[in-house]
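The exercises below are to be worked with the sequence and the structure at hand. Each task is followed by a solution in steps.

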Amino acid sequence: MAKHLVQTRLNGEPVEFLCDPHATLLDALRNTLQRTGAKEGCASGDCGACSVLLDGRLVCACLVLAAEVEGCEVTSVEGVAQAAQLHPIQQKLLEHAALQCGVCTPGIVVAAKALLDRNPDPSEREVRYWLAGNLCRCTGYDKIIRAILDAAAELRG
Amino acid sequence: MTNESKYRFVGTRPLRHDGVDKVTGRAQFGADFALPDMLWGRTLRSPHAHARILRMDTHRARALPGVAAVVTAADLPEVEPGPGPVNLRDLSCNVLARNKVLYHGHALAAVAATTEALAAEALELIEVEYEPLPPVLSLDDALAPGAAILHEGRAPKRYKVSGPTNVAARCEFSRGDLTRGFAEADLLLKRSFRTQTVHQGYIEPHAVLAQTGADGRSTLWCCTQGAFMVRHYCSALLGLDSAKLRVVPSEIGGGFGGKTTVYQEPVALLLSRVSGRPVKMVMSREEVFRATGPGCATRVEVKLGARRDGTLTAARASLWYEAGAFPGSPVEPGAMCIFAPYRIENLFIEGFDVCCNKPKTTAYRAPGAPQAAFAMESLLDELAQVLKLDPLELRSRNAAQKGDQLAYGPRFKEIGLTETLSKAREHPHYKAPLEAGCGRGVAVGFWFNAGMNSSATLHLGGDGGVSLVTGNPDIGGSRASLAMLCAEELGIEVERVRPVVADTDTAPYTDLTGGSRVTFATGMAVVEASRKLVAELCARAARIWDCEPAQVTFHEGRCLPTAASGLDHSPLSVAELAARMAQTGGPINAQAQLTARGPGPGFATHICDVRVDPETGRVEVLRYTAIQDAGRAIHPSYVEGQMQGGAAQGIGWALNEEYLYDENGALENAGFLDYRIPVASDLPMIDTVLVEVPNPTHPYGVRGVGETPIVAPLAAVANAVRAATGVRMTELPISPPRLLAALGLKQNGGAR
């Protein structure tokens with residue numbers, strides 16, 4: 001089957017790649033573009049470890065076809081920090097010790113960014129429901145929620 | 001509880017060394033490795049829970065263009081069971097089935113091809129002829145007269161029975177006189193409890209990349225709790241010299257005991273040896289659920305005798321644990337744990353390891369203990385209720401103390417059970433008022449914690465920084481805790497220690513990351529190696545000062561002359577001594593290796609508030625507090641994290657999680673949508689209280705902390721549900737249908 005040529009922007013830079021028609025965005029990111037920050041935990045949209053932003057919207061990269069991102073702006077975890085400067089969400093996750101194994105962390109970072117981009121002052125309940133699609137098996141979420149609330153406060157200044 | 005005055009770093013909360021890599025997506029987990037010319041491997045899995053393999057034909061798969069290798073059990077040598085605790089023949093048969101398939105999803109064959117899609121296509125071309133056998137899907141099935149037998153002709157261990165049985169082993173512990181003990185009681189209570197099969201639920205599926213060169217030397221990159229364990233099993237299963245195999249542990253995306261064995265690692269290695277090319281295998285989530293882990297289903301029967309004042313006079317327990325396809329459930333640790341928190345003079349415990357047609361169970365955080373504690377702590381709750389005693393007071397009256405003897409022999413040294421119970425009683429949570437329809441439960445958890453073998457190597461850099469090399473995959477912050485112990489000893493900043501998790505060619509031997517042992521045991525090796533490094537630094541200072549090493553002492557990162565020496569020299573810092581290494585005797589490294597004796601038993605007391613919706617049967621956890629004796633919390637944030645994570649996992653086990661099988665033994669909920677682990681909106685904040693009763697055998701008093709927190713929640717939740725509804729749930733999970741049925745039974749007067 002012929003491959004598709006996809007032209008898109010990834011973390012602010014133009015990229016183009018070839019993909020099978022059935023390949024997911026997650027396949028393209030991880031196996032074609034070598035951006036392995038997004039993780040595959042389930043391939044069914046249940047765990048959120050592959051969370052990325054598609055034109056600013058939070059999606060599971062495992063549920064998006066690679067061919068669909070033609071002309072879009074994709075933001076993956078690799079694009080959240082600016083050069084050597086961590087995003088406040090990343091910094092607060094570290095300060096609150098809000099990761100143990102760290103495999104869900106890239107998805108949490110991207111999902112939290114999507115939340116704070118649209119709601120700079122979420123309640124604990126809002127953070128919990130927003131993150132309900134991002135599974136973490138290690139932390140019990142307590143420190144993650146605190147870190148995101150703290151990051152929100154810092155971003156508000 | 002404060003130790004700031006005593007220590008400079010221990011007890012502080014520095015940023016973890018691997019943190020930036022993990023928040024930026026740079027950390028490499030199991031599936032993040034790739035090599036040029038790499039093939040993709042896929043596994044053919046059994047569609048039957050129990051069947052004889054009559055014939056397998058792989059010719060058509062091999063002939064498919066793009067397929068480079070196809071392997072089956074016929075390509076593995078037949079291995080002997082071996083002397084170790086793990087039966088290598090069983091392990092081999094689990095990795096690739098031989099003669100029989102024993103569970104739905106059991107691996108039979110594997111293919112390596114140029115793409116994953118092609119490998120999947122090739123699997124379809126493998127022809128297998130089965131003779132289906134009746135599946136044995138529960139303890140009741142397995143133990144029924146005339147049950148189909150998984151392992152014909154295999155005699156159980158320490159269990160005499162006439163005729164074939166699915167019981168693989170029996171264990172027994174006893175003390176005192178049970179008959180007398182029960183006769184002394186004013187009250188007898190007896191009840192049976194059940195739990196279902198659950199999965200560890202780590203978010204990262206098993207992944208491996210194997211490469212073999214023309215010289216027969218291989219390298220494996222994989223996510224595992226123990227690279228040396230992988231090397232040992234792969235070498236043994238393939239009949240290889242372990243010197244020809246290097247195992248590189250990736251970052252590990254959770255394990256909880258589930259990554260303490262091998263599945264596709266030997267198969268990927270075999271495929272790479274056959275094809276001569278790198279082979280990558282990554283399990284799907286469905287494969288993880290169907291064919292790895294799980295934690296075992298159990299039935300536990302407990303009988304307690306007590307005086308009116310609550311003193312326990314006797315206790316008896318029988319435990320039946322599902323081993324799954326091959327012998328080896330954690331029934332023995334379950335039996336050892338069940339009465340461990342309490343001083344009971346007369347007791348008898350027996351445990352049965354029972355095979356059935358489910359995946360071979362693997363360790364799951366405090367293996368065997370949560371199920372046993374669910375039974376004991378539920379029955380104690382009932383006892384408190386009958387005696388009209390505060391449930392914490394009942395536990396305090398019977399709590400084990402220093403010097404008390406465990407059912408399996410040893411006596412406790414310093415333990416913190418009583419302290420956790422007192423902290424629970426004093427906690428505002430325990431005194432807070434409850435709304436109507438809500439209930440509060442408490443429970444105690446116990447875990448031994450493990451010691452085992454560990455090593456650590458320190459390399460001093462020319463600038464005074466230190467690289468700290470161990471072979472323990474960092475599953476939850478152990479790089480940080482080990483580096484902190486090293487920094488404390490050497491008196492250098494934590495950031496100046498670089499903790500390295502190295503491969504099997506580079507790291508000195510260590511047992512796997514498990515049993516809550518790394519900060520305890522590998523930590524002891526780090527402290528010992530650090531002290532050797534300090535001794536060498538003192539020797540170098542002595543050389544510079546032209547005095548005896550005994551005339552040099554080390555304090556807060558600097559060598560200085562002892563007061564007794566009468567010498568007058570300016571102190572030399574680690575960095576100054578490092579800068580002069582070449583002139584004072586050359587490189588400075590230190591290594592320590594040990595078998596860590598005396599792990600400190602861990603105790604916890606948990607408090608849980610729930611609200612029950614009588615319409616739907618849904619249980620909501622409103623408030624949760626975990627109190628635990630950590631011995632010494634090296635990095636308190638990561639200790640709290642273990643307590644919170646364990647509590648959350650236990651809440652999931654109590655309320656939601658279970659394997660659902662159809663009548664043929666096919667798993668019906670092999671995904672995160674239907675096997676629902678707790679999500680952020682299911683849980684409240686989880687409050688933690690650290691108790692620190694130092695473990696006398698560790699230089700800093702460390703006990704393990706990782707496993708104890710999952711032991712108490714099952715009963716804490718169930719006891720809260722009883723308080724809210726008046727219904728005692730003796731079977732987990734307390735899912736809405738199960739709770740609704742029980743509530744309906746109560747309304748009809750059928751339940752206590």
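**Exercise 1. Locate B:Gly41 in its strand and decide whether B:Gly41 is buried or exposed.**

Solution. Step 1: B:Gly41 belongs to strand β1 (residues 39-45) of chain B; helices (H or I, at least four residues) and strands (E, at least two) are DSSP runs, numbered from the N terminus. The model is a predicted one, in which local features need pLDDT of at least 70 and side-chain atom pairs count only at pLDDT 80 or more, whereas totals for chains, interfaces and linings use all residues. Residues are numbered from 1 along each chain as its sequence is written, and chains are lettered from A and ligands numbered from 1 in the order in which they are written.

Step 1: Count the surroundings. A residue is buried if 20 or more other C-beta atoms lie within 10 Å of its own, exposed if 12 or fewer, and partly exposed in between, with C-beta atoms placed from the backbone. B:Gly41 has 28 other C-beta atoms within 10 Å and is therefore buried.

Step 2: List the contacts, that is, residue pairs whose C-beta atoms, placed from the backbone, lie within 7 Å. When neighbours within four places in sequence are left aside, the contacts of B:Gly41 include B:Ala110, B:Val111, B:Ala112, B:Val267, B:Ala268 and B:Leu271.

Step 3: B:Ser573 is 532 residues from B:Gly41 along the chain, and their C-alpha atoms are separated by 54 Å.

**Exercise 2. Which residues of helix α3 of chain B are buried, and what covers them?**

Solution. Step 1: In α3 (residues 88-95) of chain B, the buried residues are B:Leu91, B:Ser92, B:Cys93, B:Asn94 and B:Val95.

Step 1: Their cover includes β5 (107-113), α7 (227-238) and α8 (265-275) of chain B.

**Exercise 3. Identify the strands that pair with strand β2 of chain B.**

Solution. Step 1: Two strands pair if DSSP finds at least two bridges between them. Six bridges link β2 (residues 51-57) of chain B to β6 (residues 127-132) of chain B in the antiparallel sense. Within this pairing, B:Tyr130 in β6(B) is opposite B:Ile53.

Step 1: β2(B) is also joined by two bridges to β4 (residues 100-101) of chain B, again antiparallel. Here B:Lys100 in β4(B) is opposite B:Arg52.

**Exercise 4. Why is one side of β20 and of β22 of chain B left without a neighbour in the sheet?**

Solution. The open sheet has three strands, β20-β21-β22 of chain B, with antiparallel pairing. β20 (552-555) and β22 (572-573) of chain B are at the edges and have a single partner strand each, so one side of each lacks a neighbour in the sheet.

Step 1: Examine one pairing. β20(B) and β21 (residues 558-561) of chain B are antiparallel and joined by four bridges; B:Cys559 in β21(B) is the bridge partner of B:Phe554.

Step 2: α16 (residues 518-545) of chain B lies across β20, β21 and β22 of chain B, at about 130° to β20(B). Axes are lines fitted to C-alpha atoms, for helices over the stretch in contact, and angles run from 0 to 180 degrees between N-to-C directions.

**Exercise 5. Describe where domain 2 of chain B touches domain 3 of chain B.**

Solution. Step 1: The domains of chain B are domain 1 (19-26 + 451-596), domain 2 (33-133 + 204-253 + 259-291) and domain 3 (298-449 + 600-747), with bounds from an automatic or database domain assignment. The centres of domains 2 and 3 of chain B, taken over C-alpha atoms, are 36 Å apart.

Step 1: Domain 2 of chain B places 16 residues in contact with 17 residues of domain 3 of chain B. On the domain 2 side, α3 and α9 (285-291) of chain B each supply at least two residues, and α9(B) gives the most, with five residues.

**Exercise 6. How many residues of chain B are in contact with chain A, and which helix supplies the largest share?**

Solution. Step 1: The contact takes 43 residues of chain B and 42 residues of chain A.

Step 1: α1 (19-24) and α19 (636-655) of chain B each supply at least two residues of the chain B side. The largest share, eight residues, comes from α19(B).

Methods
Two residues are in contact if their C-beta atoms, placed from the backbone, lie within 7 Å.
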